[in-house]
Amino acid sequence: MKSEPANRDHKAPVRAWAACPATGNFATGDDKGSVAVWPYPGGKPTVGSVFTTPVVGLSFAPSGAWFAATDNTGWLAVVDAPTLKVLQRKRLPVPPKALAFGPNDDVILPRGSVKTDW
């Protein structure tokens with residue numbers, strides 16, 4: 001059995017990842033603000049810079065067309081999954097602790113950025 005060479009697509013430690021149920025792709029985010037989208041069922045990822053600070057959260061939209069990414073300073077970016085083009089950026093009041101898309105492509109739920117009583 002031949003071993004696979006180490007993958008060097010990210011230049012910094014990966015701290016966040018998300019899987020897309022619609023396409024089977026998954027995304028990884030690193031400490032330098034880069035995101036990679038890994039195609040299903042395999043192959044070389046598309047890597048691009050989304051932030052200049054560590055990526056701490058990723059979540060695919062239900063359709064798989066976009067994903068949301070957050071950094072550790074409170075920025076949220078909506079990114080086109082195939083091209084890694086940032087479609088929109090927004091500064092959140094507090095850096096989110098978790099992130100989810102859904103139930104549709106037009107709803108992003110950042111946990112920790114909105115004060116709640118529960």
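This is a predicted model: local features need pLDDT of at least 70, side-chain atom pairs count only at pLDDT 80 or more; totals for chains, interfaces and linings use all residues.
Student: How many helices and strands does the protein have?

Tutor: The protein has zero helices and 10 strands. Both kinds of element are DSSP runs numbered from the N terminus, helices being H or I with at least four residues and strands E with at least two.

Student: What share of the residues is buried?

Tutor: Buried residues make up 40% of the 118 residues. Buried means under 20% relative accessible area, exposed over 50%, and partly exposed in between, with a 1.4 Å probe and protein chains only.

Student: Turning to strand β3, how many of its residues are buried?

Tutor: Five of the five residues in β3 are buried. Ser34, Ala36 and Trp38 lie on one side, Val35 and Val37 lie on the other, and both faces are covered.

Student: Which residues are the bridge partners of Val35?

Tutor: Val35 is the bridge partner of Gly29, and in β4 its bridge partner is Gly48.

Student: What is found in the hairpin of β2 and β3?

Tutor: That hairpin has three residues between the strands, and Gly33 takes a positive phi near 90°.

Student: How many aromatic pairs are there?

Tutor: The count comes to two aromatic pairs. In one of them, Phe26 and Trp38 have ring centres 5.8 Å apart and planes at 5°, so the pair is stacked. Rings of Phe, Tyr and Trp (its six-membered ring) pair if their centres lie within 6.5 Å; planes under 30 degrees apart count as stacked, over 60 as edge-to-face and the rest as tilted.

Student: Where do Phe26 and Trp38 lie?

Tutor: Phe26 lies in strand β2 and Trp38 in strand β3, so the pair ties together parts that are 12 residues apart in sequence. Phe26 is partly exposed at 35% relative accessible area, whereas Trp38 is buried at 15%.

Student: On a new topic, how many salt bridges does the whole structure have?

Tutor: A search finds two salt bridges, each defined as a side-chain nitrogen of Lys or Arg within 4 Å of a carboxyl oxygen of Asp or Glu. One of them joins Asp9 and Lys44, at 2.8 Å from N to O. Asp9 lies in the segment before β1 and Lys44 in the loop between β3 and β4, so the pair ties together parts that are 35 residues apart in sequence.

Student: Are Asp9 and Lys44 buried or exposed?

Tutor: Asp9 is buried, with a relative accessible area of 15%, whereas Lys44 is exposed at 64%.

Student: Which side chains meet in a salt bridge at 3.1 Å?

Tutor: Those of Arg15 and Asp31 meet at that N to O distance. Arg15 lies in strand β1 and Asp31 in the loop between β2 and β3, so the pair ties together parts that are 16 residues apart in sequence. Arg15 counts as exposed at 55% relative accessibility, and Asp31 as partly exposed at 25%.

Student: Let us move to Ser59: what does its side chain reach?

Tutor: The side chain of Ser59 reaches the backbone nitrogen of Phe101 at 3.0 Å. Ser59 is in strand β5 and is buried, with a relative accessible area of 10%.

Student: Which residues is Ser59 in contact with?

Tutor: Leaving aside neighbours within four places in sequence, its contacts include Ala18, Phe67, Ala68 and Leu99. Contact means heavy atoms within 4.5 Å.

Student: And where is Ala68 found?

Tutor: Ala68 is found in strand β6, residues 66–71, and at 0% relative accessibility counts as buried. Beyond its neighbours within four places in sequence, Ala68 is in contact with residues including Gly57, Leu76 and Ile108. Ala68 and Ile108 are 40 residues apart in sequence and 7.8 Å apart in space, C-alpha to C-alpha.

Conventions:
Residues are numbered from 1 along each chain as its sequence is written. Side-chain values use heavy atoms; hydrogens and water are left out. A polar contact is a pair of N or O atoms within 3.5 Å; within protein, one must be able to donate a hydrogen and the other to accept it, and residues adjacent in sequence count only if both atoms are side-chain atoms. Two strands pair if DSSP finds at least two bridges between them.
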